[in-house]
Amino acid sequence: MAKAGISTRADNYAQWYLDIVDKADLAEPSGVVRGAMVIKPTGYAVWEGIQRGLDQRIKATGHVNAYFPLFIPQSFLQKEAQHVAGFAPEVAVVTHAGGKQLEEPYVVRPTSEAIIGHTYSRWIQSWRDLPVLINQWANVVRWELRPRPFLRTTEFLWQEGHTAHATEAEAEAETLMILHDVYADFVENVMAIPLFRGLKSKRETFAGALRTYAIEAMMQDGRALQSGTSHNLGQNFARAFDITYQTPDNQREHVWTTSWGASTRLIGGLIMVHSDDDGLVLPPRLAPIQVVVVPIYKTEAEKTLVMEAVQRLTGSWAGRFSFKIDDREHLSPGFKYNEWEIKGVPLRVEVGPKDVQKGSVAIARRDIPGRDGKAFVPQDGLAERIADLLEEIQTNLFERARRYRDERTIDVTSYGELAEAVEQGFARAYWAGSDADEAKIQDDLKATIRVIPFDQPEQAGKCVVTGVETTRQVLFARSY
RNA sequence: CGGGGUGUGGCGCAGACUGGUAGCGCGCGGCGUUUGGGACGCUGAGGUCGUAGGUUCGAAUCCUAUCACCCCGACCA
């Protein structure tokens, strides 16, 4: 147990994660609905940052927002065979409403392909109606067997994009564009989480999709977290929901659809990539509060001097970075330091009577805990220094996570090496195996193919299970 | 679904074996002293003991049933 009642990562990683969620005040189990959580203001502010970043990118790439119903007639879900098989075990069903049993039960959406497919079939008539590029921000419900805050909750928040196109090539381009320009761009540049990008294996493909692409991140325990997915649905849903259009030469064709989503799970990834045994660590570009100022004083006279200095120093900060002056009375400075560290605020500025005298402040960076991350700097040019430091922390977090990931991503050539590698991280292996081979590895090693990376080797090698020569490499890992 | 655990002031727990009408720590309110790495004193408020039934003169405690949540393994963003 480290300070503040947070378990250490080395000691008990799962408990450490739960402790961070709790102590950083991000969320708490509802206590009354299985697997459901209350996202507290601190946690929701992080989600709002994620929403902002994704929404901006989604719109910049030509999409618009809309909203579709929470309830879906049960029969809709059954129209696409793979889809119903994939989701049947985890849907919640409403059988009664208005004081009586319903003619046809409604399912609470586990995802919205069905209801949106049905809607698109009415909206789309002509090639002139295409493409349809719509996103929705929504909650969905999946009755998971093993819930964990943010990572897997019964109800979660996400965005789901649903597009329809005239050609397969267009749908494929959309699917890939979302993965790179929306998800990967945001997650790497704002959340400072390094990613592997690629195609999902057949076993891991979304129920009803032609192809699923994903971004995968490595957590500090070496396990993988799927952090965003983008599906080329082919014409599967178009056929199931009869979404057709007339071509310029008056032919009737099924559209090609895509769907893509990223959820509150990203917050789980954020925690597990950057945080430490002292609490949450937030990357500056996402942190709701980037700088906290702790004034220090004993007497009223000191208080006046210090608060004057604080007002003067922070006067130019508005609009440059988000900050908070922690002027709560009767809490010791030490208490405040610890509290803001647990909550992951990237920078802390301390201003006391000695600083007022010397024209200095103390500044402490969250990414480097303890004395090493604390420095006394002149008040002159403080804003510039803070701006620089925030960027430096952003870069440092990303680079640190990337080094960690790369050190734990190991090229393996034998089954034994594969088994060993997934104990501590990712295994990169040549792969020509079957679905059954993959299933066996999952049984044996609890590891799955997380992604078939876009970056593929020049040279061929031998498949890690079959020994067959192949040029295809895949990444294996245990996953959340 | 299997395995384990727990339900007692806001939170964490004790009390249960050996029935007698509930206690500790933290937190919370008031007052005062404090404040450069988690301050202290005094004082005060706050509990149908998960729920239902039973045994008993008397149940947090014993019996039965039931509900819920949490944790550990197989499906999933």
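Student: Which residue in S10 is the bridge partner of leucine 199?

Tutor: The bridge partner of leucine 199 in S10 is tyrosine 213. Please keep in mind that this is a predicted model, in which local features need pLDDT of at least 70 and side-chain atom pairs count only at pLDDT 80 or more, while totals for chains, interfaces and linings use all residues. Residues are numbered from 1 along each chain as its sequence is written, chains are lettered from A and ligands numbered from 1 in the order in which they are written, and side-chain values use heavy atoms, without hydrogens and water.

Student: What makes strand S9 and strand S10 a pair?

Tutor: Two strands (DSSP runs of E, at least two residues) pair if DSSP finds at least two bridges between them; four bridges join S9 (residues 196-199) to S10 (residues 211-218), so the two strands pair, and they run antiparallel.

Student: Why is the pair of phenylalanine 76 and phenylalanine 241 called edge-to-face?

Tutor: Rings of Phe, Tyr and Trp (its six-membered ring) pair if their centres lie within 6.5 Å, and planes under 30 degrees apart count as stacked, over 60 as edge-to-face and the rest as tilted. Here the centres are 6.4 Å apart with 65° between the planes, so the pair is edge-to-face.

Student: What does this pair tie together?

Tutor: Phenylalanine 76 lies in helix H3 (residues 74-77) and phenylalanine 241 in the loop between helix H7 (236-240) and strand S12 (244-246), so the pair ties together parts 165 residues apart in sequence; helices are DSSP runs of H or I, at least four residues.

Student: How do you know that lysine 79 sits over the ring of phenylalanine 76?

Tutor: A charge sits over a ring if NZ of Lys or CZ of Arg is within 6 Å of the ring centre and within 35 degrees of the ring normal. Lysine 79 lies over the face of phenylalanine 76, at 4.9 Å from the ring centre.
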